[in-house]
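Colleague: I am new to this one. Please show me how to read it.

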Amino acid sequence: MTPKNNIIIGIIIALLVVASYNVDANPIEFVEGLPNLAIVVDEMLKVESKYIPTALWAMFETVQMAFIGTVVGVAIALPLSMLAARNLNSKYVYAPTRALLAATRTFPSILWALLFVIMVGLGPFAGVLAIIMYTVGFIAKLQYEVIETIDSDPMDAINSIGVSKFQLIRYVVIPESASHLLGQMLYMFDYNVRQTSILGLVGAGGIGFYIINYIKFFEYGKAAVFMLVVLVTVLLIDWVSVKIRDKYIIKSQHGMEITTK
């Protein structure tokens with residue numbers, strides 16, 4: 001390791017120590033708190049199975065919220081990503097579009113949910129609107145970055161024959177970025193399912209409403225049922241995502257069959 005690398009590592013360690021001091025990160029307090037964690041875990045192991053039907057229905061509602069929010073959010077984000085791409089527009093177009101998307105991403109989905117609860121009232125609809133807003137900002141950024149990495153040769157070839165920008169987007173940009181967009185949608189749906197699980201904190205529906213309320217009243221056994229359902233659902237979504245990626249994304253990028261066991 002070179003002296004320069006040692007200096008960089010030393011600076012990082014020093015900053016870590018200073019930051020830990022500023023945020024009162026005390027490892028001793030963590031160790032002293034482990035017995036309390038053991039008490040919570042012991043309570044959560046007392047799973048009350050009679051709440052499973054309610055947990056499954058709440059999880060179904062959560063998945064629906066995430067699905068609607070993801071699909072609608074991606075549909076809105078796609079044209080915005082075209083406007084935000086530097087290789088497709090002038091700075092007078094992409095700069096304000098990027099600023100708008102950055103403002104959308106500034107607030108986490110739970111703050112959007114709080115805003116929409118104030119607007120439309122308690123319930124899943126506020127959660128759906130929050131997911132849409134966060135998905136728009138996140139997916140649009142990922143997509144315009146992909147668009148900017150598209151090989152310029154096909155775009156130059158198409159432009160040389162005098163096609164319109166719409167035709168350029170239709171025949172070059174979308175086909176070249178389609179596999180990336182599918183991967184982004186899968187990731188965003190997985191993220192939104194997990195994120196929707198905590199929107200109940202502000203009354204935006206979903207399974208998080210039950211989890212937060214049970215934890216608030218120290219009913220950890222009941223909360224454990226709902227948390228277990230969330231875990232199983234996330235694992236199932238992850239498994240399905242892998243299958244879809246293997247079949248449609250990896251194969252399209254490498255031109256090969258993926259054999260799964």
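Modeller: Residues are numbered from 1 along each chain as its sequence is written, and side-chain values use heavy atoms, with hydrogens and water left out.

Colleague: What does the protein chain average in pLDDT?

Modeller: pLDDT is the predictor's confidence in each residue, from 0 to 100. Here the average is 81, and 89% of the residues score at least 70. Over residues 255–261 the pLDDT is below 50. Where pLDDT is low, the predicted coordinates should not be read in detail.

Colleague: How many helices and strands are there?

Modeller: Both are DSSP runs, numbered from the N terminus: helices are H or I with at least four residues, strands are E with at least two. This protein chain has 10 helices and zero strands. Among these elements, helix H3 (residues 52–84) has the highest mean pLDDT, 90. Helix H7 (residues 152–160) has the lowest, 67.

Colleague: What share of the residues counts as buried?

Modeller: Buried means under 20% relative accessible area, exposed over 50%, partly exposed in between (1.4 Å probe, protein chains only). Of the 261 residues, 35% count as buried.

Colleague: Why does Asn192 count as buried?

Modeller: Asn192 lies in helix H8 (residues 165–196). Asn192 counts as buried because its relative accessibility is 2%.

Colleague: Which residues is Asn192 in contact with?

Modeller: Contact means heavy atoms within 4.5 Å. Neighbours within four places in sequence aside, Asn192 contacts Ala66, Thr70, Ile131 and Thr135.

Methods
Predicted model: local features only at pLDDT ≥ 70, side-chain atom pairs only at ≥ 80, totals over all residues.
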